[in-house]
Amino acid sequence: LFGSSGRGKTSLMDVLAGRKTTGTIVGEVRFNGAMCLKKNIKHLCGYVEQFDNLVEVLSVEQMLMYTAELKLPALTRAQKRERVEEVIAQLRLEGCRKTVIVGELVKGI
């Protein structure tokens, strides 16, 4: 999502991800044309915010598994692993799956 500063990109993403806690939200959020209950939105979508929220000592694969553990509590470990593999394939991250994310001082991904 691109646009100049102050145009509501973060607000839109917060609404879509069910993170917006202030203001009034009017309308419906639909996924593939189907209504989505607010309680299910956080489990269906997510996004990386403007600031890094990554654990700098984990690899890409480990970070995805860590996120799966937090966001998909109803799935078994094997199902979470399968989902991580799907995301790695979809995002074409095979070449950096074992690369440590690191931070500002040390280059990683």
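## Surface and burial

The chain exposes about 8,600 Å², and 56% of that comes from carbon and sulfur atoms; accessible areas here follow the Shrake-Rupley method with a 1.4 Å probe, and for residues only the protein chains shown count as cover. Keep in mind that this is a predicted model, where local features need pLDDT of at least 70, side-chain atom pairs count only at pLDDT 80 or more, and totals for chains, interfaces and linings use all residues. Residues are numbered from 1 along each chain as its sequence is written, and side-chain values use heavy atoms, with hydrogens and water left out.

Of the 109 residues in the chain, 20% count as buried. Buried means under 20% relative accessible area, exposed means over 50%, and partly exposed is in between (1.4 Å probe, protein chains only).

## Fold and confidence

Reading from the N terminus, the elements go α-β-β-α-α-α, which gives you 4 helices and 2 strands. These are DSSP runs numbered from the N terminus: helices are H or I with at least four residues, strands are E with at least two. Take the contacts between residues at least 6 apart in sequence, and 47% of them join residues at least 24 apart; contact means heavy atoms within 4.5 Å.

As for confidence, the mean pLDDT of the chain is 82, with 83% of its residues at 70 or more. pLDDT is the predictor's confidence in each residue, from 0 to 100. Among the elements, helix H2 (residues 38-44) has the lowest mean, 72, while H4 has the highest, 96. Where pLDDT is low, the predicted coordinates should not be read in detail.

## Around helix H4

Glutamate 82 sits in helix H4, which covers residues 77-90. Its relative accessible area is 49%, so glutamate 82 is partly exposed. Its C-alpha atom lies 9.8 Å from that of methionine 65, 17 residues away along the chain.

Arginine 97 belongs to the segment after H4, and it counts as buried because its relative accessibility is 17%. The arginine 97 side chain makes a polar contact with the side chain of glutamate 85 at 2.5 Å. A polar contact is a pair of N or O atoms within 3.5 Å; within protein, one must be able to donate a hydrogen and the other to accept it, and residues adjacent in sequence count only if both atoms are side-chain atoms. Setting aside neighbours within four places in sequence, arginine 97 is in contact with Ser59, Val60, Glu61, Glu85 and Ile88.

## Cysteines

There are 0 disulfides in the structure, a disulfide being a pair of cysteine sulfur atoms within 2.5 Å. Cysteine 36 is buried at 12% relative accessible area, whereas cysteine 96 is partly exposed at 22%.
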